Amino acid sequence: MDTLRQDLAYALRRLRQAPGFTAVAVATLALGIGANGAIFSVVNAVLLRPLPFEDAERLVRDLHGLEGRAVGVYSPQNFLDVEAGARSFESLAVFDGNGVTLTGRGQPARLEGAAVSATFFDTLRVRPAYGRTFAPGENEPGRTKVAVLGDALWRSRFAADPAVVGQTVQLNREPHTIVGVAPAGFSFPDHTEVWTAMEYDKRFRTQSRGAWYLGAIGRLKPGMAIDHAQQEVATIHARLAQAYPDANEGVGARWIRCRSRWWGIRGAPCSSCSARSASSCSSPASTSPTCCWHAWPHGRASWPCARLFGPAASA
């Protein structure tokens, strides 16, 4: 112990004798410790901390492919065929990010919206803070004018009033009934502020084989191995390629587990740009980990960026 005290006293004397060196050394240590702490905080929040979902290990996402290129999107008819034929999944869901205009609640506002299948919230096991999410059958024509508000929108435009459930809101100049409010922090996909029910109309069901724009997620059945699910989906896609070669030649699907809070890190597709908004996607030059290269079939390309959660959910 005496030796340690003597060594420390000697070190302090030498540091006092060289104040310039001491300042540089202390600054270097401070910067190094600070940088490492910041990097670990990001890595822990993004990659290490598990997704805040019930049985999150059963969540998977589609990493579609076209002749070896990552695509990550489904066409509506292909999705419906996989949903009907796959037995490895407890549920499957699709989504399409799109902008919507809110009117009738103060100044008109352009919002980040998403049209989703009725199974979307149940697949993620996201429960509403108020009201409900979408019910079976609300993707059918005539039943799709329903909406789930994001927490931030509910607070900023609806005064955080629980009684908003059941009220009508104008989205793209069409009345929608508010059926629920999403929990704080949930904003998937693409910082979504309001979710609406996707309409499975005649075109969706019968004329969309080659329209690639839907992001897809799934929940495996308990105890189901992802390799078995992958093999089953590959068999379905092989049949689709034989039945519809023009739309499915060279197309495959790979389902992978959702292991991090960022969907799209390390170059994997993070979400889909809709066919309507593909032209507005930004440049691939960004080096942000939220951005990714996203190839579309038939020569189209876009570079969407998506985050699974809003800031509050990472706490």
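The model is predicted, so to speak of local features a pLDDT of at least 70 is needed, and side-chain atom pairs count only at pLDDT 80 or more, while totals for chains, interfaces and linings use all residues. Residues are numbered from 1 along each chain as its sequence is written, and side-chain values use heavy atoms, with hydrogens and water left out.

Select residues 194–197, which form strand 10 (helices, H or I of at least four residues, and strands, E of at least two, are DSSP runs numbered from the N terminus). Val194 and Thr196 point one way and Trp195 and Ala197 the other, and all are buried, that is, under 20% relative accessible area with a 1.4 Å probe and protein chains only.

Next, show strand 7, residues 146–149, which pairs with strand 10 in the antiparallel sense over three bridges, and in which Leu149 is the bridge partner of Val194.

Now move to helix 3 (residues 76–85) and helix 7 (residues 226–243), which pack at an angle of about 130° with their axes 10 Å apart; axes are lines fitted to C-alpha atoms over the stretch in contact, and angles run from 0 to 180 degrees between N-to-C directions. Select Asn78, Asp81, Val82 and Gly85 in helix 3, which meet Glu232, Val233, Ile236, His237 and Leu240 in helix 7, with contact meaning heavy atoms within 4.5 Å.

Notes:
Buried means under 20% relative accessible area, exposed over 50%, partly exposed in between (1.4 Å probe, protein chains only). Two strands pair if DSSP finds at least two bridges between them.
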